Amino acid sequence: MYPLASLQQISQSPSPIPSALEAALRAHGCKLIHTATTLLRLPHVACATAQILFQRFWVVSSLLTFSVSDIAFGALYLSSKLEECAVRIRDLINIFHVLLQRDTKGKTRIEPMSYFGNTFYELKDRVVVAEMQILKRLGFNTSVVLPFGSLINYLRLLGQDSKEVVQKAWGYLNDAMQTPVYTLYQVPTIVSAAILLTSRHLQIPLPDRWWVLFDAEWEDVWTVCGFIMSVYYAESSQDWKVETMMDKKDVRQWVEEHPMT
């Protein structure tokens, strides 16, 4: 069974921070996963699986207890095993080290990791512990249903499986990974939302009530569209400086400096 968040989990986040800040931090974590996947030349399924596991983790965990960067790379390490494209831990740690320097310290010139230093072993421990925490917090339920196969089938059924349409809808599904929709809605609803946005953008006519063919409710489809569009029109993440808040200590410091009333 594909696990989704409960109503209680949706109504109250475990992280006592503004919802916009939480969304920005989670989105940036997904971007870290995407960048690392590209640099490691891993298949796209590993990236998508890692992002869904990453989003699912924060439904049951607080950003004050775990670091975004650790969980992001722990999720990628776990997904590489689940998708049978295992990556060498040293390669993952090297990428981890580079991206952390780029984000948290804003360096344009990356300093190489000392071969005989403790940095490698410290980062390795963080990744391995993060992987174990993901498995523990999710109850070892790592079942992930990716939407891309369903997208192709749905578009073929609607007679709109041209390259341009598929690429546009595929892009919406990828961008949706930065939002929590994969923890809230079933895959048919998310795919229907991507098709709806594509049809609006490319001005493609579709049959009346076509989403009923895929067992999707209009209200849910429209809500998912809102989540996806928020990626493009949300408050500027630069206002939050999320790249400097990848560690839980930085998030705690922000909470101390900005007490919520």
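The model is predicted, so local features need pLDDT of at least 70 and side-chain atom pairs count only at pLDDT 80 or more, while totals for chains, interfaces and linings use all residues. Residues are numbered from 1 along each chain as its sequence is written, and side-chain values use heavy atoms, with hydrogens and water left out.

Start with helix H8 (residues 163–176) and helix H10 (residues 187–202), whose axes come within 9 Å and cross at roughly 125 degrees. On the H8 side, the contact (heavy atoms within 4.5 Å) includes Glu164, Lys168 and Tyr172. Among their partners in H10 are Ile190, Leu197 and His201. Sorted by class, the residues of this H8–H10 contact come out as nine nonpolar, two polar and two charged.

Now for the largest pocket, which holds about 780 Å³ of space. A pocket here is an open set of points on a 1 Å grid where a 1.4 Å probe fits, with protein on both sides within 12 Å along at least five of seven lines; lining residues have an atom within 4 Å of a point. Its lining runs to 33 residues, with Ser19, Glu22, Ala23, Ala24 and Pro180 nearest the centre. Helices H1 (7–11), H2 (19–40), H9 (181–184) and H11 (218–233) each give two or more residues to that lining, and H2 gives the most, with nine. By class, the lining has 18 nonpolar, eleven polar and four charged residues.

Key. Axes are lines fitted to C-alpha atoms, for helices over the stretch in contact, and angles run from 0 to 180 degrees between N-to-C directions. Helices (H or I, at least four residues) and strands (E, at least two) are DSSP runs, numbered from the N terminus. Ala, Val, Leu, Ile, Met, Phe, Trp, Tyr, Cys and Pro count as nonpolar, Asp, Glu, Lys and Arg as charged, and the others, Gly among them, as polar. Grid points are joined across faces, edges and corners, and a volume is the space filled by probe spheres set on the points.
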